[in-house]
Each structure stands twice: as structure tokens, then as C-alpha cells.
Amino acid sequence: MGLNLIVLVKQVPDTQNVGGDAMKEDGTVNRAVLPAIFNPEDLHALEAALVLKDENPGSKVHIITMGPPSAVQVLKDSLYRGADFVALISDRKFAGADTLATSYALKCAIEKVGDYDIVFCGRQAIDGDTAQVGPQTAEKLGINQITNVSKIENIDIKKKEIEARRSIEGGYEIIKAPFPILLTVTDEGYPPRPPSVIRVMTYKNASAEMTEAGYDESYIDSSIDRISETAINLWDINAINADVESCGLAGSPTKVKEIESIILKSEDIKMVENTEDSISGMVHELISDHTLG
Amino acid sequence: MTLFRSSSKPSRQRGSMENFLLDNEDILFHLENMDIDRIITQKEDKFRDAKRYPYAPVDIADARDSYNKVLSIIGEISGDTLAPLAAEIDEEGVELINGEVKYAKGTKEVLDIFAKADLMGFSLPRKYNGLNFPAIMLSVAAEIVSRADGSFLNFGLQQDIGETLNKFGSDKQKQEVLPQLASGEIGCAMILTEPDAGSDLQAVNLRAHQSASGQWFLNGVKRFITNGNGEISLVLARSEEGQTGARGLSFFLYRRDEHMKIRRLEHKLGIHGSPTCELQFNNAPVVLVGERKRGLSKYTMWLMNSARLGIAGQALGIAESAYREADKYASERIQFGKSVREFPAVYEMLTEMKISIEAGRTLLYETARFVDMKEGLEEMQERYPDRKAEFKTDLKRYSRLSNLFTPIVKAYNTEMANKVTYDAIQIHGGTGYMQEFGVERHYRDARITNIYEGTTQLQVVAAIGGVTSGTVISIMDEYESEDFSHAENLHKELLKARHDFEKTLVGVKDVEGPDFVTYHARRLVEMATDLIIAYLMLRDAAHSDRKKKVAEIFIEKMLPRVKMSASFILEGKASLLANYKEVIG
């Protein structure tokens, strides 16, 4: 008996190899000149899922990404590393999505996959740096979440339970929780494996194909047929039964008013304890000095 | 909240997106222009594997695309991960702890990556989970990997030993061992050398005896064994008691157990990441590979030829790395108010380094092409016994050519790597002699390449027959049938050198005494090598104006070299032969 694993991944501009023309005059990212890469921490999330698959025979790793058609590259990379099923959610109606609309669409896609035990995300993407999509998706799915996971300590398939190591200020904590659960994974415990060249040759010609008929696993067993060319599922807004009002620009309350380049100078660090009182105190302080509000 | 922004921390300058395939224009030039359609057609034989293996190619274009993609992954692992670890691996070296070899941390890490990437079965058949890639692609890979770290030998060894077993082992031996080699779960070694049997392997004395039940056992000592700690090894041993020479030797497959002890590791000048072991066999059980008495003449020779091609690639990679370091340093180093690269003494060195590297590369690919043709034809003969006659002529021809070219490229590339790494230090000046730049390591690493798997002197012995018997002339005649109209003048110049060479070949045959040809063998082989490279460069020049200029410089420098040798051989008095005893006593 294996695990049903889902990994949410994102294609991002490579913000670590930035040239002079990386920003447009209006302060937005010039995506055309930045190479697109697999979001680094998502590779660690993928690795965590693949390790669980290796340790629990019969498990399946499903990959979901939302993005333009060019995002198939991260899905191919996932297939090269060992993913069993990949889907691209792509539709003009998803354009302009903020983290709320994105997590809604991802939630719909996850529900389309059906039964699942663990959803993995990278802790955050290097383009927006919000670290919100993972936690919001868990909220929308109505499931538990463990953020900042550096290591999965134990999995009990029978009890459907996980024990994960979570990085916190100054150390770590071990959290035990039942399935289904969403984890956001840091880059500490799961250095990504290289692509398998055998899988590269198998899936190199894979392309996205509309699968209106829905979730179809039949190809997994017939791997000898040259299925590779249609291995990527393409799901539009209808395929995942998403409400158009909650997607894209329409479903995004975030409006970017202005973007400013700020150079941070380090000043005193104030430690805030992870308790209701301390956090509430800090929020009030920020409101009173007009940092918030 | 930037508490966990660890993703931005640099880790040993990795992830800098170095790719040792994609940044090498000359390799890319060859991959685009090399004539390998027939090799693919033979290797994939009607693309029949495509029905059973989803990763097998469906046609020639698909195969070429797969080669490029896989080489690019090797380029990325080499550039991004292995190269930044090379200095550490060199410093840490290998250790023998409680009889077990401990690799440097970096070596282990990259071996693990190679295994996980399914690369260890590069040249093994798909039925053993290999990639079924030809020797010509292995040559490309060997260079790329060695450019990152000249001591990273396990990848190449795995191919040489795997291929040898695949060719000569029984089905049972292959099924037991080859999938494990392809997955990288085990390492391997070829165990040939002994304290009293180095260049002269006929003197091998490790004893193999058979018990009443037919089980073979080994007893004795082997020395200088690269990766002797490997779980699987192919061992040359004396199976015929009382029979001296090659006829008494057989080939055995040994799986590591408690009957073999690693007595010590050598402390070496270079390739510190690679363990060189002294082994003691104490009644170690082994199985015979192939037929008795053919151990040296057939199996070891085949294995060595395959390894020689690998070392030609290794030497090329080390040279490439040293050249790049030297070129970079020469551009950045300012003396007398300008970069030292602008001084003729330096740019001549750099140009010669680059040209000799490109010469070694085109020669390596030509050799690997002959080897692939030969191996492919042998496979076809085996697969279609009734069509044996059809392949016979070609097979004979390609066997001759690979037997001639393999020692030639081994000698040329390894000597070239020594020269290039020597000059790379020279260009660095005092800095190059210090350890903080890579070139002193390259210099040390290159030094073994013209020694192991047969010294250059032995490569000359292996090649001289083909040079004097006409194989060289016949391949030159074949090159003559190619179209050199893009470089007519250069072709005319080349023919002058060829004339000098042919005159010399005729001349040496007229001189009495066996010592004379032996004395001049190296010069004759080097003349032939020069001419072959010149032909290959003219061929490459058809695709590129830059290559035409490379050929022009090479041929201009080659002409007087060949003339000098011709004159020394034909007009000299061979006074050394007459007088050396009095001189060295």
C-alpha cells in the first residue's frame, strides 16, 4: 500500500542570475530576459515526495503547476526526476492571479486528482517571496499544514500519520499530524536528485495535451507504449471545475499600487515570541507607528 | 520575516550553471558535424529496442538528440558539482581504514549523483539497464568529466569493465554483474599489473588453480591497481602451471570477499582522488571468463584498448581545463602595463595549446568512430551469422584502423596533455607553481596518463606495425578521396609532408638490421600522427573558416617537423645506435 502524494511546483524567473535589464522602468520584473527555472525550494519539495515514494513502494507522485504553456518545462523536469503524473493548469482566465486566486485554483486541481495523503510545496517562491500559497491552499482544502519542514521523521501508513521536523527560531520542533496534510519544505533536508538520463530520453518529447476526459491513470501501466509524447496533462478552468469569479484578476484582491526599490539597513532586531499576546502586541505597535494600516 | 532565507546562501560556489558541454564550442562543432549515422544504424540495428524500451531512439535524429541531452547532463554535473570539488578531492585524497578504501567526500558525492542519474551504464546494452551509447559519445563524456576532475575515474572504469564482460562473459555472469554496474551500486577494477609484470604482462604470476570440483582460486599479489577496492574485478592470472608467457594466462571474474586483502594504498604524484591498491589474494574464489589461455592475448588486449581510448579522453579533459585556466590568467594578469596574453611569447603558447587540444579531439573522435564501426560490425556478424561474409571486408579494415589509431591517440593526447599542463604553469609564472590555482594539480594529474595503460613507448610498439605495413598509407589514400577544394593550398602543403613521410618509410626498409626501425619507431609514428591530424583538420575546415585557420597553423608548423624527422632518419648516421653504450656506460 503506497502513498498518494501531490507536489505543487512553480516556474519562476531566475532571480539569482540577474542582469542589468532584469527590471523594467515601471519597476516590474522583465520576464523576457530572465531565464525561467524550477523554483529552488519546490525541487526540495519534489525530492521529499520522491524519497517517500522510494521508501514506500506503490506510492505515486503527482505534480501540479499553474502557469503559461512554457511552464511545461518544470513538469518535464519533474518527470525526469521521477514523477508519475503531471498536470499544467493553464487558462487565460487564470491570468493576473495573486496568492489567493492561485491557491483557489490549486485547491480545485488537487481535488481533481482525488484521494491524497500529503501535499508538498516549497516554502516559498523566489519571485514573489510571499510564502503564502502553500498555507492558503491548505486552508482552502480544509486540511492541516506544517510549514518550514526540514525533514520527515516518520510516516505511519496504517495510522495515516506523519511526524515532521519543523525549523523554528533557534532550533526545530517535531510535529505529529494525521493525513491529509500539506507541508511546505525548506532547502535543508532534501537536496534534489539529478534528472535520470533514462527518464530524460523517455520524456524529452512530452508535450501538454488537453485531457477533457479527466484524470486518467491508464498510461502508468502501459509505459512501454511510447506514451511519452502525451504525458503532460493540460487542465483549463473547466477541467478543474473552478469558479471563474474566484480565478485570475477577478479573484485577486491584491492590487499593486506602486513598486519601490528599498535598500534595507540592518538595525536592532526585536524578537517576538510565538504567542498570541506577543504577536498582538507587535501588530498594535506596527499600527501605532503607521507601518501597518 | 527573512529568518529562513537559506535558499540564497551560496554553497561552495555551486549552482553557478556551469556546463562543460555547452561552453565547449569545439565539442559542439564535432557533435554537429561528425559522421555517425552508420554507427547509429549498426548500434541500434533497425531501432528494434524502441519497441521494448521507451527511452530507446526511433531514428537517427532521435538518437543524436538523446546523445546531446545526456552529454549535456554530464556537462552540467561536471561543471556545476564535480569541478568545484576537484581541489578538495585532491587535497583530501583516499585513505585505507581497516582494510577498506575511503574515497574523498566529493568523489563519493558525485559518484552518487552519477548513479542516481542512471549514467553508470553509459555504454552497456539496454537489457542490463544501460544506455547503449557508442564509444564516440563515451569519448566526449570522458573528456568532460576529466576536465572537471582528472581523478574521477570510476565512471570510465565502469564502462571499460562492463563492456569487456558484456563482450566475453557468459550470460549468467552478465546477468549477475552488469545491472549492478549500470545502477552504480557496485564499483569495479581491472587487475593486471604485478610487481614484476608492468609493461610486460606476459610475466604475470598470480596463480590460478582449479579444485577437484572445478572451482578456480587465486593466490598471490597484484600491485598498482586502480580502484582495487571495487566489488567486481577482472583479473589476469596464470592458470596453466609451468607454462610461461601469454599462453599460460587466463581471465577471471572476481567478486570481492574476505579472501582478498588490500595491503596498502600508494602515495602518488597526482590523481589523488583515485585509490591505487596493492592486493593480496588468499585462495579467492573466481570464475573463468571466456576461454582458458586467452587471458592476455584476447581479453586483456580488448580491455586495454577500450581503456586507452578512455585515457586519451581523460588527458584531453585535463588539458582543456589547464588551457582554460591559463587563458583566463593570461587575460587578467597585467605586466608591463598590459595583459600578458598580448605578448607573442604567451599568445603563441596559448595558440599552440589550443590547436593541440583540438588536434587531440578530432583524432580521438576519428579513433572512436573506427572502434564503433568495428564493434558494430562484430555485433552484426554475431546477430546475423548467415550474413557474415557481407561484413567481412569492412570488419577487417576497421579492426586494422582501430588497432592502429588507438595507440596513436593514446600516445598523442597524453603527451599533449603533459605539454599543455606544463605550459599552463609557465603562463602562470610563479603563481602556477603554487597550490591556489588549479594548474599544478592538472600538471600532476596529467603525468600518469602517458604511463598507465601502457607507456607512450609501448603505444609506439603497438602502432609501428600499422605505420610501416601500409595501414597508414591506405587511410591517407582514403582521406585523399575526400573533397578538399575548400583548402586547396593547405592540401598541397600537406602532400609535401606526405611525400617526405613516404620517402622515409621506403628508406627505413632499405637499412639492414632490426634495431634501425625500432630506433626510429617513435619518430615514424609521430610523423604519421602529424599527417593524420592534418588530414582530419582539413576535413573539419570544410565546415568552418576558423578551423581552416587552425589547419593552416598546424600544417605550417608540421611541415618542418616532418622534414626534420625525415632528414634525421634518412640522412643521419644513427650514431646513437653505434655509440650509446660508450656514452651511458
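How are H13(B) and H16(B) oriented to each other? In this predicted model, the axes of helix H13 (residues 456-469) and helix H16 (residues 515-541) of chain B come within 9 Å and cross at roughly 75°. Angles of 65 to 115 degrees count as roughly perpendicular, so H13(B) and H16(B) are roughly perpendicular to each other. On the side of H13(B), the contact is made by B:Val460, B:Ala463, B:Ile464, B:Val467 and B:Thr468. H16(B) contributes B:Val517, B:Ala521, B:Arg522, B:Leu524, B:Val525 and B:Ala528. By class, this contact has 9 nonpolar, 1 polar and 1 charged residues. An α-helix has 3.6 residues a turn, so residues three or four places apart point the same way.

H13(B) also holds B:Thr456. With 19 other C-beta atoms within 10 Å, B:Thr456 is partly exposed; a residue needs 20 or more to be buried. Apart from neighbours within four places in sequence, B:Thr456 is in contact with B:Ala411, B:Thr414, B:Glu415 and B:Asn450. B:Thr362 lies 94 residues from B:Thr456 in sequence, and the two C-alpha atoms are 19 Å apart in space.

The axes of helix H5 (residues 135-148) and helix H8 (residues 295-332) of chain B come within 7 Å and cross at roughly 40°. H5(B) and H8(B) are therefore oblique to each other, and H5(B) passes H8(B) in a right-handed crossing. From H5(B), the residues in the contact are B:Ala135, B:Ser139, B:Ala142, B:Glu143, B:Ile144, B:Val145, B:Ser146 and B:Arg147. H8(B) supplies B:Leu309, B:Gly310, B:Gly313, B:Gln314, B:Leu316, B:Gly317, B:Ile318, B:Glu320 and B:Ser321. The residues of the contact of H5(B) with H8(B) divide into 7 nonpolar, 7 polar and 3 charged.

Helix H6 is a label used in both chains, and burial can be read for each. Helix H6 of chain B, residues 154-168, has 15 residues and reaches 21 Å from its first C-alpha to its last. That span is close to the 21 Å expected at 1.5 Å a residue. Of the 15 residues of H6(B), 13 are buried, so this helix is largely enclosed by the rest of the structure.

In chain A, helix H6 covers residues 276-288, which is 13 residues, and reaches 18 Å from its first C-alpha to its last. Here too the span is close to the value expected at 1.5 Å a residue, 18 Å. H6(A) is hardly covered, however: the count of buried residues among its 13 residues is 0. After H6(A) comes A:His290, with a positive phi near 65°.

Chain A as a whole has a secondary structure of 6 helices and 12 strands. Buried residues make up 42% of its 293 residues. Among the contacts in chain A with a separation of 6 or more, 70% are between residues 24 or more positions apart.

Several loops carry backbone features of note. In chain A, the peptide bond from A:Phe179 to A:Pro180 is cis, with omega near -15°. A:Pro180 sits in the loop between strand S9 (171-178) and strand S10 (181-185) of chain A. A:Ala131 has a positive phi near 60°, in a residue other than glycine. The loop that holds A:Ala131 runs between strand S6 (118-122) and helix H4 (133-141) of chain A. A:Ala131 is partly exposed, with 19 other C-beta atoms within 10 Å.

In chain B, B:Asp45 has a positive phi of about 30° although it is not a glycine. B:Asp45 is found in the loop between helix H2 (37-44) and H3 of chain B. With 14 other C-beta atoms within 10 Å, B:Asp45 is partly exposed.

Finally, the two chains meet. In this interface, 19 residues of chain B are in contact with 25 residues of chain A. On the side of chain B that touches chain A, the elements that give two or more residues are helix H3 (60-92) and helix H4 (105-116) of chain B. H3(B) gives the most to this side, with 5 residues. The residues of the side of chain B that touches chain A divide into 12 nonpolar, 3 polar and 4 charged.

Conventions. Residues are numbered from 1 along each chain as its sequence is written. Chains are lettered from A and ligands numbered from 1 in the order in which they are written. This is a predicted model: local features need pLDDT of at least 70, side-chain atom pairs count only at pLDDT 80 or more; totals for chains, interfaces and linings use all residues. Helices (H or I, at least four residues) and strands (E, at least two) are DSSP runs, numbered from the N terminus. The expected span of a helix is 1.5 Å times one less than its number of residues. A residue is buried if 20 or more other C-beta atoms lie within 10 Å of its own, exposed if 12 or fewer, and partly exposed in between; C-beta atoms are placed from the backbone. Axes are lines fitted to C-alpha atoms, for helices over the stretch in contact, and angles run from 0 to 180 degrees between N-to-C directions. Angles under 35 degrees count as roughly parallel, over 145 as roughly antiparallel, 65 to 115 as roughly perpendicular and the rest as oblique. A crossing is left-handed if the near helix is turned anticlockwise from the far one by less than a right angle, and right-handed if clockwise. Two residues are in contact if their C-beta atoms, placed from the backbone, lie within 7 Å. Ala, Val, Leu, Ile, Met, Phe, Trp, Tyr, Cys and Pro count as nonpolar, Asp, Glu, Lys and Arg as charged, and the others, Gly among them, as polar.
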